[in-house]
Number of protein chains: 2
Amino acid sequence: MSGKGHLTIIGLGPGDPAMQTPQATAALEAATDLIGYGPYLARVPVRAGVMHHATGNRVELDRARHALDLAAAGKRVAVVSSGDAGVFAMASAVFEAIDHGDPALRSLDVIVIPGISALLAVAARVGAPLGHDFCVISLSDHLKPWGVVEQRLTAAAGAGFVLALYNPSSRARPWQMGRCFELLRAVLPGTTPVIFATAISRANESIALATLADADPARADMRTLVLIGSAATRVIERPGAMSWVYTPRRIDAA
Amino acid sequence: MSGKGHLTIIGLGPGDPAMQTPQATAALEAATDLIGYGPYLARVPVRAGVMHHATGNRVELDRARHALDLAAAGKRVAVVSSGDAGVFAMASAVFEAIDHGDPALRSLDVIVIPGISALLAVAARVGAPLGHDFCVISLSDHLKPWGVVEQRLTAAAGAGFVLALYNPSSRARPWQMGRCFELLRAVLPGTTPVIFATAISRANESIALATLADADPARADMRTLVLIGSAATRVIERPGAMSWVYTPRRIDAA
């Protein structure tokens, strides 16, 4: 190992270049090698002399090891994620690969550059649904048992948290979103607001507001973030425009 | 009301201008009137012809009403928050003021511009502690009963969420952080990593890593974000450098 290697893990934000921080842009420009899931890498302009290493989805650990190998060989490597790299994205995979890899990897410079997460972008788009305590949960049972997901959903909703759900649905996981709504209907009022936000800030963005009683699981796909209010979350209806959703800052003593 | 009023609620990010999005910068430049808590407003360059309305802390609702009055009078108003405006900041107060105000306010253009939250900035600074499910809780009992805080801390830690705690301590709330650690020691291993991050990304940034068993409540003040791992969160020790903290993506079936 040359000891001069450098690895940056970059959150690009949700898609709109105006939401990508100057810090992320500068880090992309300093890299000799870019690594990421193909569709995310495609958002970075190609520059002469910079290698793009596009990979498939669901190979996070292989991708992390590849990035570390390149950095250990002296390259300036940037791993790119959509949103924020630390929220259900590549940062955890890179540190996992370091933790279980050659101890020499611990001497590398590894910098994580935060990005606007889908969570924050969707919340801003609809008002202020995260105005009070909230939980962020991946509905995927690819890396954890479904029982853990159910336990966390029930605990969080029961304690009055607003819920933000990543990875709600995919072809390989078609029933989880529906089961989640079933569980939550036992804990929360049917009037609780549910927001489905897909491809937020991109040209094909779509946003739908429903209630927990009538929320259609088929509305979610793998690009959708689902926000579910608490019993305190409110909807402000507007003439001829999308309603605003917010969660008040105050909880009065019972 | 003129109907032409425009209100933007802007997250400036944690302090480093390189973390402020181009979208936020453009929105600041389009405003005729800027409103916010003094220290946050001081981060925005003064321009000729732009009014700065600085206010004290803890007057969020008054500040929100003032912003709405100006917008209703036809101004282009920007309300500025540190971090993300939707996370324990001004966005919820503005929508609350609309919800309980003149119905004509619902016709205003109100745009929320997301920012890099302290949550994401701190996580990135130390590794990937938010790599799995997490909860975000305000420890302040200024707007909610302390009993609700305790119930949420216990539910979230018991269900295996990583915890991010805003507003952990202030002169008016000196004992809450210590009580929080006491509660969590009954639920989580003493080795659970605790991160205290104050003034993240600013010149006076300070970061300390402790364990739940030895975490000192006095380390937190009102500018501190406290991250508390789950039982799965790991620390990677490094020779001569700050340790990295990450939460693995995978939970194996018991």
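**Ground rules.** I am working from a predicted model, in which local features need pLDDT of at least 70, side-chain atom pairs count only at pLDDT 80 or more, and totals for chains, interfaces and linings use all residues. Residues are numbered from 1 along each chain as its sequence is written, while chains are lettered from A and ligands numbered from 1 in the order in which they are written.

**Domains of chain A.** I looked up the domain assignment and found domain 1 (6-116) and domain 2 (119-246) in chain A. Such bounds come from an automatic or database assignment. I then noted 28 Å between the C-alpha centres of domain 1 and domain 2 of chain A. Domain 1 of chain A gives 7 residues to the contact and domain 2 of chain A gives 10 residues (contact: C-beta atoms, placed from the backbone, within 7 Å).

**Asn167(A).** I checked its backbone: Asn167(A) is not a glycine, yet phi is positive, about 50°. Asn167(A) sits in the loop between strand E8 (162-166) and helix H7 (176-185) of chain A. Helices (H or I, at least four residues) and strands (E, at least two) are DSSP runs, numbered from the N terminus. Asn167(A) is buried, because 22 other C-beta atoms lie within 10 Å (buried: 20 or more such atoms, placed from the backbone, within 10 Å; exposed: 12 or fewer; partly exposed in between).

**Ser201(B).** Ser201(B) is not a glycine either, and has a positive phi of about 75°. I placed Ser201(B) in the loop between strand E9 (193-198) and strand E10 (206-211) of chain B. Ser201(B) counts as buried, because 21 other C-beta atoms lie within 10 Å.

Key: Two residues are in contact if their C-beta atoms, placed from the backbone, lie within 7 Å.
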